[in-house]
Amino acid sequence: MKKPIDALVKVGDLPLGLCGAPGSTVAFKTGDWRSVRPVLDKEKCIYCGFCYYYCPDGVYQDMAPEKYYKADLDYCKGCGICAHECPKKAITMTLEEV
Amino acid sequence: MAKRIGIEVSLAVAEAVKLADTDVIAAYPITPQTHIVEHLSELVADGSLDAAYIPVESEHSAMSSCLGSSAAGARTFTATSSQGLALMNEMIYIAPVLRTPIVLAIANRALSAPINIWNDHSDIMSVRDAGWICLFAENGQESLDLTLISFRVAEDPKVSLPVSLNLDGFTLSHFIEPIEIPDKETVDKFLPPFVPCFKLDIKAPMSLGLLGGPEYYTESRKATDDALLASKTVIKKAFAEFNDVFGRQYNVVESYQAKDAETIVLAMGSISETAMTAVDELRAQGKKVGIVRLRLWRPLPIEEIVEAVGHAKNLAVIDRHLVLGAPYGPVGLEMMSVFYSASQKPNISNFVLGLGGRDVTRDDFKYIFDRAAAQQGQTRYEIVGVLE
Ligand code: SF4
Ligand code: SF4
């Protein structure tokens, strides 16, 4: 039987109990699930941190010296919560073009 | 020295859990299983069992705790019935794939609705596809013995799977029977300490319970099925070694007067003792009848079943659960599929009885033996004793 193209590990090669190295989600980039991305207007940002705290995926990084928060697009799923919660409407959800 | 005493079967199961030096018990009481965990909580409280007893707030938490404690390398036990097993369902399906050895005693009870606390097999049949090894006990001694065997099999590194030990609610769980309680030294000879194949350890971190997308899911499920099928060899070996140590031989499939029988009843659990009495009475009248009982339900011991019943003219399969909307009960369906491609096969019919605690008598079995021999090509299950 031809190997299904999207199978990654053979039945017999899976680790017992499917246990794996810790922190494996770091390698699992979920950003490509996104259809819209948050785009920040730094001019409007007051560095309040709402986006940082509300993001359910915890993808915002504190860019302390420059006083803003940056979304890590490798993991941002485009839920739009940050844009919704931003008190200054500094974040615009923008369609991902393929 | 082993001692033979009169003891309620639930308490005997709890004594076996104690003799097994169980590390963690996480359980929620539910009738008719309550006496098992109640007695265990007493044993832990009075210091005679050095275990952590987690009095969880639900069965969902009970099985979640069991997953965690087993993954941390602790010998783990829980017990439930009916709605409790239903509430565990989410975690029941996780344990086999994560290969966490857990022993779960189920005092089998009907699922609601209507609310019913009495015995049938609808609870275990609702999770029969989950990947647990499923054993069915016939009597009190067997319930105690299979508890010890369950730990041994579940924790065998070639298996590393959870085991459900099914004992009929009330009919077994609440009966006082003469049961031989083995001594600790003998149990230790049979049951070595649990050495997990992997374990959660803060000194060597690892992840367990990972996401398995389309690239992994099929292979993960197949790997679990392979492990479950392969466990049969280990189960048979454990039965043989149990016999070496304790002098009681168990088989995955048991036969009574079945070798030359023309009509065989196939059943699971404690009603086979009633069926044996019916067989004795029918044999005295010269009728060639016999009983075959599955002690092992998962993995289904196909070769042993074919060997035990393949020669019969008629096979009457007993179900203690009604599959709504289907032509036959779960055991009936499986026996039909086992023999579907066989060139020589018995005339199979399926009888549903003993639902929600309805009494099953010798006369029911006599009716079944006659009916199974008289009819050909049954197209739908028949309920024995339904008022309509
Ligand atoms: S869109 Fe959602 S996931 Fe992406 S950064 Fe904003 S809150 Fe986080
Ligand atoms: S919520 Fe808006 S204003 Fe506040 S830090 Fe984030 S982008 Fe800036």
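## A walk through chains A and B

Start with ligand 2: the space it takes up is the largest cavity. A cavity here is a set of points, on a 1 Å grid over the protein atoms alone, where a 1.4 Å probe fits but cannot get out. Before you click on, note that this is a predicted model, where local features need pLDDT of at least 70, side-chain atom pairs count only at pLDDT 80 or more, and totals for chains, interfaces and linings use all residues. Residues are numbered from 1 along each chain as its sequence is written, chains are lettered from A and ligands numbered from 1 in the order in which they are written, and side-chain values use heavy atoms, with hydrogens and water left out.

**Stop 1: around ligand 2.** Select the residues with a heavy atom within 4 Å of the ligand. For ligand 2 they include L40(A), C45(A), C48(A), C51(A), Y69(A) and C86(A). Colour this shell by class and you get 11 nonpolar residues, one polar and no charged. In this scheme Ala, Val, Leu, Ile, Met, Phe, Trp, Tyr, Cys and Pro count as nonpolar, Asp, Glu, Lys and Arg as charged, and the others, Gly among them, as polar.

**Stop 2: aromatic rings.** Rings of Phe, Tyr and Trp (its six-membered ring) pair if their centres lie within 6.5 Å; planes under 30 degrees apart count as stacked, over 60 as edge-to-face and the rest as tilted. Over all chains that gives 11 aromatic pairs. Pick Y47(A) and Y69(A), a stacked pair with 5.0 Å from centre to centre and 25 degrees between the planes. Y47(A) is in the loop between β1 (36-40) and α1 (50-54) of chain A and Y69(A) is in strand β3 (residues 68-71), so the pair ties together parts that are 22 residues apart in sequence. (Helices are DSSP runs of H or I with at least four residues, strands runs of E with at least two, numbered from the N terminus.) Y69(A) is buried at 11% relative accessible area, while Y47(A) is partly exposed at 24%. Buried means under 20%, exposed over 50%, and partly exposed in between, with a 1.4 Å probe and protein chains only.

**Stop 3: ligand 1.** Next, select ligand 1, which sits in the second largest cavity; sitting there means more than half of its atoms lie within 2 Å of the grid points. Among the residues around ligand 1 are C55(A), C76(A), K77(A), C79(A) and C82(A). This shell has nine nonpolar, two polar and one charged residues.

**Stop 4: over to chain B.** Show F190(B), F239(B), F242(B), F246(B) and Y250(B), which form one aromatic cluster. What sits over the ring of F190(B)? The charged end of R152(B), 4.9 Å from the ring centre. For another such contact, go to K345(B), whose charged end is over the ring of Y340(B), 5.8 Å from its centre. The test is NZ of Lys or CZ of Arg within 6 Å of the ring centre and within 35 degrees of the ring normal.

Stop 5: Zoom in on T31(B) and P32(B), joined by a cis peptide bond with omega about 0 degrees. P32(B) is in the loop between β2 (24-26) and α2 (34-45) of chain B. Another cis peptide bond links S112(B) and A113(B), with omega about 5 degrees. Finish at K89(A), a residue other than glycine with a positive phi, near 50 degrees. K89(A) is exposed, at 55% relative accessible area.

How values were computed
On a 1 Å grid over the protein atoms alone, a cavity is a set of points where a 1.4 Å probe fits but cannot get out, and a pocket is an open set with protein on both sides within 12 Å along at least five of seven lines; lining residues have an atom within 4 Å of a point.
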